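Colleague: Hi, I'm new to this one. Could you walk me through it?

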Amino acid sequence: MGLRSAKALLALRSIAFACAAAACLAAQAQGADCDQPDPVCDARAAVFAISAFDPVGSAVRIGPDRLVTARHVVADQPEATLFLADGTPLTATVVPSGYAADLVFLTVEGLPEGPALEPTEARAGVDFFTIGADVGRQRIRAYDPGQARALPAAEHPLARLHHDAYSQPGNSGGALVDAEGRLVGIVASGGEGRFEAVPSAALAVLESKSGAGFAEESAELGAAVRVCTTLIEERQARPGRLQDQEAKAIATSCGRAGNRQLLDLAGQTLGRGGAAAMAVPLFERALAEDPNAINTRLGLVVTHHLLRDYEAELPHLHWLMEHAGEDLQVLRFAIQAGTWGGDPALAAEALARLKRVNPQTAPAAERFMAQPPPRPPKLGN
């Protein structure tokens with residue numbers, strides 16, 4: 001979510017032939033059906049479709065003329081186009097910020113009166129709802145609920161809220177709200193049932209690091225986001241082995257962006273491109289920012305697996321077994337790494353869970369554990 005894949009771009013461009021994509025979304029926001037609690041449905045009036053570096057994103061109203069969105073939606077653009085419910089476009093000015101989290105403020109002159117969302121702290125065990133621009137249905141939508149999988153890690157100021165409330169492309173910068181319509185976070189990234197939001201508590205930090213005095217730092221962060229995203233998109237369009245210079249450019253630009261999502265995506269791109277050793281520091285940096293990031297730990301496990309460093313996977317697999325222990329990918333890696341990396345108890349526990357959640361694949365895993373093939377040597381050894 002957020003990264004503009006070739007498929008997503010084609011979909012957005014096809015909508016644009018009928019009308020401007022974000023304008024279509026905005027024009028149909030009012031009066032659309034909503035099956036969620038009334039406060040959640042009402043909160044849609046505080047979420048707008050915007051278009052900037054990402055062709056379609058979302059922004060959340062938090063004051064009379066102030067909104068917040070994800071930095072990766074605007075990158076280094078000084079302005080975005082915001083669309084009202086009737087399709088009217090307004091110019092949104094990006095407020096410079098030196099904040100490394102995936103957030104920026106927008107100011108909009110001439111924004112009509114309307115509701116602003118009230119920030120609140122996320123709590124475990126309550127329902128959350130994503131509200132954002134739905135490209136397919138061409139409206140602002142409140143999606144089906146989910147709950148927190150992990151709250152932001154304490155003493156990690158860039159840590160995110162991890163949840164399973166459904167989100168999709170176009171929602172980036174939108175609202176994650178509770179059943180009372182209060183803002184618990186700004187939608188950032190995710191996929192495969194593992195979604196992330198920047199917690200609303202970060203808005204106070206963003207406020208302290210926003211304004212004209214941060215213009216130079218903001219331009220550098222935005223440019224790094226643009227370059228990093230563009231390089232990753234280019235690799236998605238032409239997969240294959242990365243040249244050394246390409247790999248270094250991805251690692252450098254995405255590292256400068258400091259964006260947790262982009263660190264993960266860069267690591268994945270490097271791993272698939274044959275530069276797995278270069279991916280490890282990016283994943284480790286992302287994990288240092290956000291120890292509860294399931295997607296980051298999975299990326300690090302996959303990367304160590306590519307390098308055949310099974311022992312390095314084990315601490316992360318133990319954590320994943322505790323926090324995402326029914327994920328089939330986690331179970332498969334735990335069986336292999338546990339067997340080859342000298343942790344048979346981990347492999348046995350993963351097999352027991354596999355028999356419960358996906359019994360048809362368990363016999364092959366059991367045969368692997370009973371008679372494992374020779375361990376592949378570590379790459380570089």
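Colleague: Before that, what kind of model is it, and how are residues numbered?

Modeller: It's a predicted model, where local features need pLDDT of at least 70 and side-chain atom pairs count only at pLDDT 80 or more, while totals for chains, interfaces and linings use all residues. Residues are numbered from 1 along each chain as its sequence is written, and side-chain values use heavy atoms, with hydrogens and water left out.

Colleague: OK, helix α8 then. How far apart are its end C-alpha atoms?

Modeller: They are 19 Å apart, which agrees with the 18 Å that the 13 residues of α8 (260–272) should span at 1.5 Å a residue. Helices here are DSSP runs of H or I with at least four residues, strands are runs of E with at least two, and both are numbered from the N terminus. The expected span is 1.5 Å times one less than the number of residues.

Colleague: How many of its residues are buried?

Modeller: In α8, 11 of the 13 are buried, so the helix is mostly covered (buried means under 20% relative accessible area, exposed over 50%, partly exposed in between, with a 1.4 Å probe and protein chains only). Among them are Arg260, Leu263, Asp264 and Thr269.

Colleague: What happens at the two ends?

Modeller: At the start of α8, a side-chain oxygen of Asn259 comes within 2.9 Å of the backbone nitrogen of Gln261. After the helix comes Gly274, with a positive phi near 85 degrees.

Colleague: And α7, what does that pack against?

Modeller: The buried residues of α7 pack against α6, α8 and α9. They include Ala247, Ile250, Cys254 and Ala257. α7 has 14 residues and reaches 20 Å from its first C-alpha to its last, close to the 20 Å expected. Just after α7, Gly258 has a positive phi of about 65 degrees.

Colleague: What covers the buried residues of α9?

Modeller: The cover includes α7, α8, α10 and α11. Among the buried residues of α9 are Val280, Phe283, Leu287 and Glu289.

Colleague: Switching topic: how many residues are in the largest nonpolar core?

Modeller: It has 29 residues, and those with the most contacts inside it are Val60, Val68, Leu103, Leu117, Ile131 and Ala175. A nonpolar core is a set of buried Ala, Val, Leu, Ile, Met, Phe, Trp, Tyr and Cys residues joined through side-chain atoms within 4.5 Å. α3, β1, β7, β8, β11, β12 and α5 each supply at least two residues of this core.

Colleague: Which residues is Ala175 in contact with?

Modeller: Leaving aside neighbours within four places in sequence, its contacts (heavy atoms within 4.5 Å) include Val47, Phe129, Leu183 and Gly185. There's also a second, separate core of 27 residues, which includes Ala75, Ala257, Ala266 and Leu300.

Colleague: What about Gly174, buried or exposed?

Modeller: Gly174 is buried, with a relative accessible area of 0%. It lies in the loop between β10 and β11. Leaving aside neighbours within four places in sequence, Gly174 is in contact with Ser58, Val60, Ile131, Gly185, Ile186 and Val187.

Colleague: How many cavities are there?

Modeller: There are 3 cavities of 30 Å³ or more. On a 1 Å grid over the protein atoms alone, a cavity is a set of points where a 1.4 Å probe fits but cannot get out, and lining residues have an atom within 4 Å of a point. The largest holds about 60 Å³ of space, and its lining includes Asp102, Arg160, Gly258, Arg260 and Glu289.

Colleague: Which residues other than glycine have a positive phi?

Modeller: One of them is Gln138, at about 55 degrees, and Arg308 has a positive phi near 60 degrees. Most residues other than glycine have a negative phi. Gln138 lies in the loop between β7 and β8 and counts as partly exposed at 22% relative accessibility. Arg308 lies in the loop between α10 and α11, and is partly exposed too, with a relative accessible area of 29%.

Colleague: Last one: where is Ala212?

Modeller: Ala212 is in the loop between α5 and α6, and at 70% relative accessibility it counts as exposed.

Note on methods
A polar contact is a pair of N or O atoms within 3.5 Å; within protein, one must be able to donate a hydrogen and the other to accept it, and residues adjacent in sequence count only if both atoms are side-chain atoms. On a 1 Å grid over the protein atoms alone, a cavity is a set of points where a 1.4 Å probe fits but cannot get out, and a pocket is an open set with protein on both sides within 12 Å along at least five of seven lines; lining residues have an atom within 4 Å of a point. Grid points are joined across faces, edges and corners, and a volume is the space filled by probe spheres set on the points.
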